[in-house]
Amino acid sequence: MPGKTISEFQADVDAWIQQVGGGYWSPHVNLARIAEEVGELARILNHQYGPKPKKPNEQAQELGEELADIIFAVICLANSEGIDLQASVQRVIDKVWVRDRHRYT
């Protein structure tokens, strides 16, 4: 069974926001949320790969879940701004496929 498309995830998030979430936050608040989530991701990566060890009493965090939190927040911002992320991501993939095709070899 294939996974959902980005458009389907956008629709899922929109349904949740409309039914439960109380509406979309302003773009600045969404950006702050994205920054907070990226900070949590940075903390995990610093614990796993950097010099900063995790405190003994800190709860375990899951890298995939933190990445998904960022995606959720990005989808909220895209939805609030009427952006079709499916189309936008495809344009970026097409762009880097051509532009960076031989850049890293």
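Q: Which residues make up the largest nonpolar core here?
A: In this predicted model, the largest nonpolar core is made of six residues: Val13, Ile17, Ile75, Cys76, Ala78 and Leu85.

Q: And which elements give two or more residues to this core?
A: That would be α1 (6-21) and α3 (63-80). The most comes from α3, with three residues.

Q: What does Leu85 touch, leaving out residues up to four places away in sequence?
A: Leu85 touches Ile6, Gln10, Val74, Ile75 and Ala78 on that count.

Q: OK, helix packing. At what angle do the axes of α1 and α3 cross?
A: They cross at roughly 80°, and the two axes come within 10 Å. An angle of 65 to 115 degrees counts as roughly perpendicular, so that is how α1 and α3 sit relative to each other.

Q: Which residues of α1 and α3 meet?
A: On the α1 side you've got Phe9, Gln10, Val13, Asp14, Trp16 and Ile17, and they meet Phe72, Ile75, Cys76, Ala78 and Asn79 in α3.

Q: How does that contact of α1 with α3 split by class?
A: Eight nonpolar residues, two polar and one charged.

Q: Switching topic: where is Glu58 found?
A: Glu58 lies in the loop between α2 (27-49) and α3.

Q: What is Glu58 in contact with, leaving aside neighbours within four places in sequence?
A: Arg43 and His47. With Arg43, there's a polar contact of 2.7 Å between the two side chains.

Q: Which backbone nitrogen does the Glu58 side chain reach?
A: The one of Lys55, at 2.7 Å.

Notes. Residues are numbered from 1 along each chain as its sequence is written. This is a predicted model: local features need pLDDT of at least 70, side-chain atom pairs count only at pLDDT 80 or more; totals for chains, interfaces and linings use all residues. Side-chain values use heavy atoms; hydrogens and water are left out. A nonpolar core is a set of buried Ala, Val, Leu, Ile, Met, Phe, Trp, Tyr and Cys residues joined through side-chain atoms within 4.5 Å. Buried means under 20% relative accessible area, exposed over 50%, partly exposed in between (1.4 Å probe, protein chains only). Helices (H or I, at least four residues) and strands (E, at least two) are DSSP runs, numbered from the N terminus. Contact means heavy atoms within 4.5 Å. Axes are lines fitted to C-alpha atoms, for helices over the stretch in contact, and angles run from 0 to 180 degrees between N-to-C directions. Angles under 35 degrees count as roughly parallel, over 145 as roughly antiparallel, 65 to 115 as roughly perpendicular and the rest as oblique. Ala, Val, Leu, Ile, Met, Phe, Trp, Tyr, Cys and Pro count as nonpolar, Asp, Glu, Lys and Arg as charged, and the others, Gly among them, as polar. A polar contact is a pair of N or O atoms within 3.5 Å; within protein, one must be able to donate a hydrogen and the other to accept it, and residues adjacent in sequence count only if both atoms are side-chain atoms.
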